[in-house]
Amino acid sequence: QETLADPDFQQILEKSAPNAVANMYAYVDGVRTPADQSYAGSILLYKGTDSILYVYGRIKADDFVSYRAITFWTSCDDNATEIASSIFSGEDEEPRVHLDPDQETVRQCSLLHDVDRDFCDDLNTIDNKENAGAVVIHQNEMSNST
């Protein structure tokens with residue numbers, strides 16, 4: 001308690017805004033139509049040092065899944081390419097998942113490393129309605145699931 005009250009540590013307690021937010025909408029019959037009915041959740045991206053990225057998401061879940069892989073792409077177009085990143089793994093670094101009391105949404109957080117440098121630079125300079133790429137939430141922990 002004393003440490004947290006120390007003015008030198010107050011900045012650690014300050015909440016910081018995410019570098020970027022992605023509002024997610026499901027594809028229905030191959031078309032993404034942003035609407036209340038197709039809203040799938042939000043992903044918040046916090047840029048750390050170097051090529052580290054903290055990802056926090058609140059995702060609608062029909063079936064509770066222990067963790068859903070998240071990947072980044074250059075765009076939503078068919079010819080988009082995946083943006084390089086790797087997920088930290090290990091006992092203290094595994095992604096965390098929590099089913100909300102509403103039983104309809106899942107909160108998950110993960111820590112990524114070796115994130116593409118250009119993508120990181122874009123996240124550091126992104127402004128309001130600009131975009132740095134696209135986010136894909138996979139059906140399970142495998143990044144090759146659709």
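The model is predicted.

**The whole chain**

Followed along the sequence, the elements run α-α-β-β-β-β-β-β-β-β-β-β-α-β.

Now switch to a surface view. The protein chain exposes about 10000 Å², and carbon and sulfur atoms supply 46% of that area. Of the 146 residues in the protein chain, 29% are buried. How far apart in sequence are the residues that touch? Among contacts between residues at least 6 apart in sequence, 60% join residues at least 24 apart.

**Ser86 and its surroundings**

Select Ser86, which sits in strand β8 (residues 86–87). Ser86 has a relative accessible area of 29%, so it counts as partly exposed. Which residues does Ser86 touch, leaving aside those up to four places away in sequence? They are Leu111, Leu112, His113 and Asp114.

Ser86 and Val115 are 29 residues apart in sequence, and their C-alpha atoms lie 6.8 Å apart in space.

**Asp114**

Stay with Asp114, one of the residues touched by Ser86. Asp114 belongs to the loop between β10 and α3. Its phi is positive, about 55°, although Asp114 is not a glycine. Is Asp114 buried or partly exposed? Its relative accessibility is 48%, so Asp114 counts as partly exposed.

**Gln103**

Next, select Gln103 in the loop between β9 (96–99) and β10 (105–113). Here too the backbone angle is the item to check: phi of Gln103 is near 60°, a positive value in a residue other than glycine. Gln103 has a relative accessibility of 53%. The cut-off for exposed is over 50%, so Gln103 counts as exposed.

Finally, go to helix α3, which covers residues 117–125. Select Asp121, a residue of this helix. Asp121 counts as partly exposed because its relative accessibility is 40%.

Which residues form a negative surface patch together with Asp121? Select Asp118, Asp122, Asp127 and Glu130 as well; with Asp121 they form the patch.

Key. Residues numbered from 1 in each chain as written. Predicted model: local features only at pLDDT ≥ 70, side-chain atom pairs only at ≥ 80, totals over all residues. Heavy atoms only, no water. Patch = residues over 30% accessible without salt bridge, like charges linked within 9 Å, V, L, I, M, F, W, Y side chains within 5 Å. Areas by Shrake-Rupley, 256 points an atom, 1.4 Å probe, with all protein chains shown as cover. Salt bridge = Lys/Arg side-chain N within 4 Å of Asp/Glu carboxyl O. Lys, Arg positive; Asp, Glu negative; His and termini not counted. Charge placed at Lys NZ, Arg CZ, Asp CG, Glu CD. Helix = DSSP H or I, 4+ residues; strand = E, 2+ residues; numbered from the N terminus. Buried < 20%, exposed > 50% of the residue type's maximum accessible area, 1.4 Å probe, protein only. Contact = heavy atoms within 4.5 Å.
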